[in-house]
Amino acid sequence: MELSIQTNISLKPYNTFGLDVKAAHFCSVTTEDELRAALLSDHPRKFILGGGSNMLLTKDLDALVIHIGLRGIEILENNKENALVRVAAGENWHDFVLWAIGHDLGGVENLSLIPGNTGTAPVQNIGAYGVELKDVFHSCDVMHRETGKKETFSLEQCKFGYRDSVFKTTLKDQYVITSVVLKLSRPGYHKLNTGYGAIKGELQARNIQSPGIADISRAVIAIRQSKLPDPAKLGNSGSFFKNPVVGEMLFKELQESYPEIPHYPAGQGQVKIPAGWLIEQSGLKGFRKKDAGIHKNQALVLVNHGKATGKELLELAEMVQEKVFNKFGISIRPEVNIF
């Protein structure tokens, strides 16, 4: 199969930070045959690009950048309680969430407005407002990068953790996800998750007593839009850092100095602390150096005010990590992938 490969292409339209880095070679694949041909081509280095939402590009890429453009949503099975839905890797995640709500299929409404494409959702085990992808995940189809062979990974095989999966650890850079199968609830069997206070407050403000999945989605969208900048207007990659998990002993020591410290149980004597709060308490909310900055409304988000480079954003991230560690003794780690 002959691929259409371009050279010296700017990736600015393909990453949500809006960074003007160049790809030495570039192709967009819309079928699995095209993907296989690209993976098995004789280019020595290959770089897989999805929605470009969870990445920081710090330099030009001397590689064949393969943009995943696989599209399609299909209901595989329906029973009384659940539906199995296959979503191609190139589908925009939020567009899929809206599709699910439009078909009265529940489970992903709390994950509304998360940027990026569906194929990268399992890599990070995306999550928000009390829900993670693993809660609705059934399986995913993948293609081996070296052989082009297709395989299917089950929930157990993906080894999901907090913003983590086997695709970020032992199998990193070995597979490309081509589609994801999710187990969604059918009408009458939705299990609504309104445990996060922000959702409760938003529903109360809207005077909604008995919410449905569409109500929760709209509430989440409103909350996210009030805190998070639109990447089309202000370059960003959503949450830049993971929320750190610490032991109870360290947490109690912190709580003595900061009684108001927000926290969530993380199991087995562990406590999760919002990284955004730690960054804000370190005096960095709204900080800016040249065009690399920290968002004025949400300290967890690094932003490109226009002409920042990936290197400048990385330097800012490292400064944030240092400030937080010096103040709290807590190491925060990037959620985004840095290249």
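K272 lies over the face of Y162, with 4.0 Å to the ring centre. A charge counts as sitting over a ring if NZ of Lys or CZ of Arg is within 6 Å of the ring centre and within 35 degrees of the ring normal. K327 is placed over the face of F328, at 5.8 Å from the ring centre. The model is predicted: local features need pLDDT of at least 70, side-chain atom pairs count only at pLDDT 80 or more, and totals for chains, interfaces and linings use all residues. Residues are numbered from 1 along each chain as its sequence is written, and side-chain values use heavy atoms, without hydrogens and water.

Now the ring pairs. Rings of Phe, Tyr and Trp (its six-membered ring) pair if their centres lie within 6.5 Å; planes under 30 degrees apart are stacked, over 60 edge-to-face, the rest tilted. This rule gives 12 aromatic pairs. One of them is edge-to-face because the centres of F47 and F339 are 4.8 Å apart and their planes stand at 75°. F47 lies in strand β3 (residues 46-49) and F339 in the segment after β20 (337-338), so the pair ties together parts 292 residues apart in sequence. Strands (E, at least two residues) are DSSP runs, numbered from the N terminus.

Accessibility comes next. Buried means under 20% relative accessible area, exposed over 50%, partly exposed in between (1.4 Å probe, protein chains only). F47 is buried at 11%. F339 is partly exposed at 34%.

F240 and F241 also pair edge-to-face, at 5.0 Å centre to centre and 65° between the planes. F240 is buried at 0% relative accessibility, and F241 is buried at 1%. Ring pairs link F17, F240 and F241 into a cluster.

Note on methods: Helix = DSSP H or I, 4+ residues; strand = E, 2+ residues; numbered from the N terminus.
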